[in-house]
Amino acid sequence: MVTLKHELTEDKLSKKFYLWTSITPLVISLILILIIFFLFQYLPPQLPLFYSFSWGEKQLASHYQFYVIPISIMVISLVNLVISLQLHPSQLFFKKSLLLSSLIITTILTITIIKIVFIFI
């Protein structure tokens, strides 16, 4: 009886985990798109985005190029979600790894956008 309760609780926690780790990156990317859209008028025409290039004009990107980051969050999250749904239920570690990697990528890219935007506000 105790093991049955434990399994039911674990199953509920697992479903909540999958729900939150699959929805969160998509919601955050939509919020980032809205932030870029609404702050468009307050930002300079070009923003530093390509930090791997040498200092100067090559690093600058237009507002429209800035939408690449939230869209890439969406694409990566959706691909990881589809792959995790295709995996066999016994491959729980790989499912969780894919979804957690989506969250990590979302966090890193969100911090990048926020840092760049708040430099100019």
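Buried means under 20% relative accessible area, exposed means over 50%, and partly exposed lies in between, with a 1.4 Å probe and protein chains only. By that rule Tyr-67 is buried, because its relative accessible area is 17%. This is a predicted model, where local features need pLDDT of at least 70, side-chain atom pairs count only at pLDDT 80 or more, and totals for chains, interfaces and linings use all residues. Residues are numbered from 1 along each chain as its sequence is written, and side-chain values use heavy atoms, with hydrogens and water left out.

**Overall layout**

- The protein has 4 helices and 2 strands. Helices (H or I, at least four residues) and strands (E, at least two) are DSSP runs, numbered from the N terminus.
- Read from the N terminus, the order of elements is α-β-β-α-α-α.
- The protein has 121 residues, and 26% of them count as buried.
- Accessible areas come from the Shrake-Rupley method with a 1.4 Å probe; for residues, only the protein chains shown count as cover.
- Among contacts with a separation of 6 or more, 61% join residues 24 or more positions apart. Contact means heavy atoms within 4.5 Å.

**The nonpolar core**

- In soluble globular proteins, nonpolar side chains tend to be buried together.
- A nonpolar core is a set of buried Ala, Val, Leu, Ile, Met, Phe, Trp, Tyr and Cys residues joined through side-chain atoms within 4.5 Å.
- The largest such core here holds 13 residues, and Leu-49, Phe-66 and Ile-113 touch the most other members.
- Helices α1, α3 (68–86) and α4 (92–119) are the elements that give two or more residues to this core. The most comes from α4, with 3 residues.
- Leu-49 sits in the loop between β1 and β2 (60–62). Leu-49 counts as buried because its relative accessibility is 16%.
- Leaving aside residues up to four places away in sequence, Leu-49 touches Gln-59, Ala-61, Gln-65, Phe-66, Ile-69 and Ile-116.
- Leu-49 and Thr-112 are 63 residues apart in sequence, yet their C-alpha atoms are 8.9 Å apart.

- Tyr-67 is placed in the loop between α2 and α3. Its contacts, not counting residues up to four places away in sequence, are Ile-33, Ile-36 and Phe-37.
- Thr-21 belongs to helix α1. Thr-21 is buried because its relative accessible area is 5%.
- Beyond residues up to four places away in sequence, Thr-21 touches Leu-99 and Leu-103.

**Aromatic pairs**

- A pair of aromatic rings is described by the distance of the centres and the angle of the planes.
- Rings of Phe, Tyr and Trp (its six-membered ring) pair if their centres lie within 6.5 Å; planes under 30 degrees apart count as stacked, over 60 as edge-to-face and the rest as tilted.
- The structure holds 3 aromatic pairs. One of them joins Phe-40 and Tyr-64, which are tilted at 45° between the planes and 5.8 Å centre to centre.
- Phe-40 lies in the loop between α1 and β1 and Tyr-64 in helix α2 (residues 63–66), so this pair ties together parts 24 residues apart in sequence.
- Phe-93 and Phe-94 form an edge-to-face pair, because their ring centres are 5.6 Å apart and their planes stand at 70°.
- Phe-93 is exposed, with a relative accessible area of 62%. Tyr-64 is exposed too, at 60%.
- Phe-40 is partly exposed, with a relative accessible area of 32%. Besides Tyr-64, Phe-40 touches His-63, not counting residues up to four places away in sequence.
- Phe-40 and His-63 are 23 residues apart along the chain, and their C-alpha atoms are separated by 7.1 Å.

**A nonpolar surface patch**

- Leu-19, Trp-20, Ile-23, Val-27, Ile-31 and Ile-35 make a nonpolar surface patch of about 550 Å².
- Patches are made of residues with over 30% relative accessible area and no salt bridge: like charges are joined within 9 Å, nonpolar side chains (Val, Leu, Ile, Met, Phe, Trp, Tyr) within 5 Å. A salt bridge is a side-chain nitrogen of Lys or Arg within 4 Å of a carboxyl oxygen of Asp or Glu.
- Val-27 lies in helix α1 (residues 2–38). Val-27 counts as partly exposed because its relative accessibility is 40%.
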